[in-house]
Amino acid sequence: MPVLQLNDQQFPLLAGTTRVGAGGEADVPLPADPGLGVLALIDRTGAASMTIRRATPTAAIRLNGVLLGAEPSPLMHGDRLEIGGIELRFADDNKGGATQFVSAGDIAAMAGARRAGVARATAASGGRLVSLVDGKEYTVPSGGLVFGRDAASDVVVAQDEVSRRHAEIAPTEQGYVVRDMSANGVFVNGDRVQGSHRLARADVVRIGGEEFRFYADVLAAGPTPVVSLPATPSPAEPPSMPKPTHPAMMSAPTPLAQPAYEDPRPVLATLEILNEGPTKGTRFSLRTPLAHVGRGEHNDVRLNDESISETHAKLQRREDGWYVVDMGSTNGTYVGGTRIKGERRLDGAPDVRFGGMKMRFGVTSAPSSAEGEAKGTRAIASVERPRKPAASAPAAVPAPSGPAKTGVPVVAWVILAVIIAAAAFFMLQARA
């Protein structure tokens, strides 16, 4: 059952609406000034769909440190709430059950992204982790950062293979160290941690099915990094490529190094991410009148966020404009802050939210056929190499003006040479 945790107390969230605040009207009473009254409303629809909204326009509610707006926001296991200056945790028993043990074969398949380049040692300051799943950023405090499935963890990873207290990252005299406290292991750059491991800048830490990239202040002076460089070859010895000490340290070529494919189809509409974080400003171009949005790989617009359903919604262009259609998602689709039921026409450039991902939708005027042909011609011309002038094209060269040049033809010289040779031959025969 979903609950709100206040210190050691748990308040069940039943079906319908739960009032949170101070005073006698609150279902979840907070140790605050009773005059504040009810501040937040938590709506539970179905077995797992939970949303929170402000009870009054002036109520200050923070969800994971972000001030809640006028529209409702979905709640996820481990979310931190600040209501009336009091911190609470949202927990769901379905996400906090017993750990599911992963087989050795599955663990071997968990090798994830790796750091590219030489490891750079870090100081014990400036530590932070950026989720490679949803782009959220977590600062590592002086007391350390705890990862786990329990809602009381600093970073909640609500997956069956994750332990309640799975791992901890904390600063030490040697920099930041990750310590494994789990049954199924912690992986750094695809290799399983044995006990504890010192982190280098840009390391990728995998916990369960989620990956986090580590950053910290680079160590200004100190010992040589973990991966040492080979010695400089002597002049008599030809330089050779250094062999990696471990095959797993080789990083695969990044797709960014490949030439980007330019889709020739015109852009009909765009979706731009508005959420704070590294993915803010990411824009998706819609080039077909029907596009699906969701977390699954089959979607046209793929959003890697746990609040997004596998097939969340679809965007469809019709005769009278664009429509967004909710595909029965768990955490809903919102237009202008209002959750839609079924479908809604998108007028102007509204803000559209899929689960916890807020985006701006915009329509791009499709170019006419003549304009498209002109653009295509220019595109071809821009990549076409200039041709060298052909050597066998005298007709294209204007004839020189003035009298024609005079001289003895080559044929006449040849005939004269033959005659002289024949005369010499007969003269020699006559003397003989």
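1. A residue is called buried when its relative accessible area is under 20%, exposed when that area is over 50%, and partly exposed in between. Met181 has a relative accessibility of 27%, and therefore counts as partly exposed. The model discussed here is predicted. Met181 sits in the loop that runs between β17 and β18 (186-188).

2. Gly148 belongs to strand β14, which covers residues 145-148. With a relative accessibility of 0%, Gly148 is buried, because the cut-off for that class is under 20%. A separation of 4.7 Å is found between the C-alpha atoms of Gly148 and His166, although the two are 18 residues apart along the chain.

3. The largest pocket holds about 1100 Å³ of space. Its lining is made up of 41 residues, and those closest to the centre are Leu63, Asn64, Val66, Lys136 and Asn275. Several strands supply at least two lining residues each: β8 (66-67), β9 (73-74), β13 (137-139), β15 (155-156), β22 (210-215) and β33 (357-363). Sorted by class, the lining of this pocket contains 14 charged, 12 polar and 15 nonpolar residues.

4. Salt bridges number 13 over the whole structure. One of the pairs is Glu168 with Arg179, whose side chains meet at 2.8 Å from N to O. This pair links distant parts of the chain: Glu168 is in strand β16 (residues 167-172) and Arg179 in strand β17 (residues 175-180), 11 residues apart. The two partners fall into separate accessibility classes: Glu168 is buried, with a relative accessible area of 16%, whereas Arg179 is partly exposed at 38%.

5. Glu276 and Lys280 form another salt bridge, in which the closest N and O atoms are 2.9 Å apart. Glu276 is exposed, since its relative accessibility of 66% lies over the 50% cut-off. Lys280, at 44% relative accessibility, is partly exposed.

6. A salt bridge also joins the side chains of Glu297 and Arg302, with an N to O distance of 4.0 Å. That value should be read against the criterion, which asks for a side-chain nitrogen of Lys or Arg within 4 Å of a carboxyl oxygen of Asp or Glu. Glu297 is exposed at 66% relative accessibility. For Arg302 the relative accessible area is 38%, and this residue is partly exposed.

7. Salt bridges also occur as a network, in which Asp320, Arg345 and Asp347 are linked.

8. On the surface, a nonpolar patch is formed by Trp413, Leu416 and Ile420. Together these three residues have about 340 Å² of accessible area. Trp413 is placed in helix α3, which spans residues 410-431. The relative accessible area of Trp413 is 53%, so this residue counts as exposed, the cut-off being over 50%.

Methods: Residues are numbered from 1 along each chain as its sequence is written. This is a predicted model: local features need pLDDT of at least 70, side-chain atom pairs count only at pLDDT 80 or more; totals for chains, interfaces and linings use all residues. Side-chain values use heavy atoms; hydrogens and water are left out. On a 1 Å grid over the protein atoms alone, a cavity is a set of points where a 1.4 Å probe fits but cannot get out, and a pocket is an open set with protein on both sides within 12 Å along at least five of seven lines; lining residues have an atom within 4 Å of a point. Grid points are joined across faces, edges and corners, and a volume is the space filled by probe spheres set on the points. Helices (H or I, at least four residues) and strands (E, at least two) are DSSP runs, numbered from the N terminus. Ala, Val, Leu, Ile, Met, Phe, Trp, Tyr, Cys and Pro count as nonpolar, Asp, Glu, Lys and Arg as charged, and the others, Gly among them, as polar. Patches are made of residues with over 30% relative accessible area and no salt bridge: like charges are joined within 9 Å, nonpolar side chains (Val, Leu, Ile, Met, Phe, Trp, Tyr) within 5 Å. Accessible areas come from the Shrake-Rupley method with a 1.4 Å probe; for residues, only the protein chains shown count as cover. Buried means under 20% relative accessible area, exposed over 50%, partly exposed in between (1.4 Å probe, protein chains only).
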